[in-house]
Amino acid sequence: MPENKSVLIGGKPIPIDLNDLRVAGVQALSTVDGPVHFDFAYRDVRVAGRYNESGGNTAVLKVVADLGPMPFTAESPHARTTLAQIVDHANALLGPILKVVQGRILLGSEVAIAAPASATQLVTAFARVLIPAVPYLDLVSLVVRPPLAAARPGESALRPQWRRAAGPR
């Protein structure tokens, strides 16, 4: 028998057994065409998930997060090179998890999980993708401001210390 887990809100447990939760009625979604989409903010980055049952007892959770812009070489060659090295290192250690697409640094992965998924399985799947990537999220955020971080209107996402110094006038 699985151990009962409860949710704490304000330090007080509420009577919900996480093992019995199903995401958005996943049991009923077996009859609905199409995937189920989720999104949330993590470290000032929007993380999106797409849960899709592939038939039978398996499902795939696709996780994508936009970490911010890849600066142009003219904007800051050093920042661009540094971010490329962070992407390369993350991919060498974690597999192909980071890539640059249309000028944006994206985190992306797919996780196979048993269907129908419980809330615990989904949170675990997201954690399996995000936790190993945390050091790289932190490194990227040293160079470019995360997309959901507070900023003044018109402010560049590139951190000031990484901007190309103004040449002589």
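The following legends describe close-up views of a predicted model of a protein.

**Figure 1. Overall fold and model confidence.**
The predicted protein contains 3 helices and 7 strands. Read along the sequence, these elements follow the pattern β-β-α-β-β-β-α-β-β-α. Of the 169 residues in the protein, 31% are buried. Among contacts with a separation of 6 or more, 56% join residues 24 or more positions apart. The mean pLDDT of the protein is 81, and 77% of the residues reach 70 or more.

**Figure 2. The packing of helix α2 against helix α3.**
The axes of α2 (residues 77–94) and α3 come within 10 Å and cross at roughly 175 degrees. Because this angle is over 145 degrees, the two helices count as roughly antiparallel. On the α2 side, the contact is formed by A79, T82, L83, I86, H89, A90, L93 and L94. On the α3 side, the partners are P132, A133, Y136, L139, V140 and V143. The residues of this contact divide into 12 nonpolar and 2 polar, with no charged residue.

**Figure 3. The surroundings of T82 in helix α2.**
T82 lies in helix α2 and belongs to the set of α2 residues that meet α3. The relative accessibility of T82 is 16%, so this residue counts as buried, the limit for that class being under 20%. When neighbours within four places in sequence are left aside, T82 is in contact with V143 and W162. Of these partners, V143 is one of the α3 residues in the contact between α2 and α3.

**Figure 4. The salt bridge between D66 and R104.**
A search of the whole structure finds 4 salt bridges, and one of them joins the side chains of D66 and R104, with an N to O distance of 3.0 Å. The pair links distant parts of the chain, with D66 in strand β5 and R104 in strand β7, 38 residues apart. D66 has a relative accessibility of 25% and therefore counts as partly exposed. R104 is likewise partly exposed, with a relative accessible area of 28%.

**Figure 5. The salt bridge between E110 and K62.**
E110 forms a salt bridge with K62, and the closest N and O atoms are 3.7 Å apart. K62, at 35% relative accessibility, counts as partly exposed.

R43 has a positive phi of about 55 degrees although it is not a glycine. D44, also a residue other than glycine, has a positive phi near 60 degrees. Most residues other than glycine have a negative phi. R43 is partly exposed at 41% relative accessibility, and D44 is partly exposed with a relative accessible area of 39%. A salt bridge joins D39 and R46, with the closest N and O atoms 3.2 Å apart. D39 is partly exposed, with a relative accessible area of 48%, and R46 counts as partly exposed at 46%. Side chains of opposite charge can pair when their charged atoms come close.

P116 is found in the loop between β7 (104–114) and α3 (119–143). With a relative accessibility of 27%, P116 counts as partly exposed. The C-alpha atoms of P116 and E53 are separated by 7.6 Å, although the two residues are 63 residues apart along the chain.

How values were computed. Residues numbered from 1 in each chain as written. Predicted model: local features only at pLDDT ≥ 70, side-chain atom pairs only at ≥ 80, totals over all residues. Heavy atoms only, no water. Helix = DSSP H or I, 4+ residues; strand = E, 2+ residues; numbered from the N terminus. Buried < 20%, exposed > 50% of the residue type's maximum accessible area, 1.4 Å probe, protein only. pLDDT = per-residue confidence, 0-100. Axes fitted to C-alpha atoms, helices over the stretch in contact; angles between N-to-C directions. Parallel < 35°, antiparallel > 145°, perpendicular 65-115°, else oblique. Contact = heavy atoms within 4.5 Å. Nonpolar A, V, L, I, M, F, W, Y, C, P; charged D, E, K, R; others polar.
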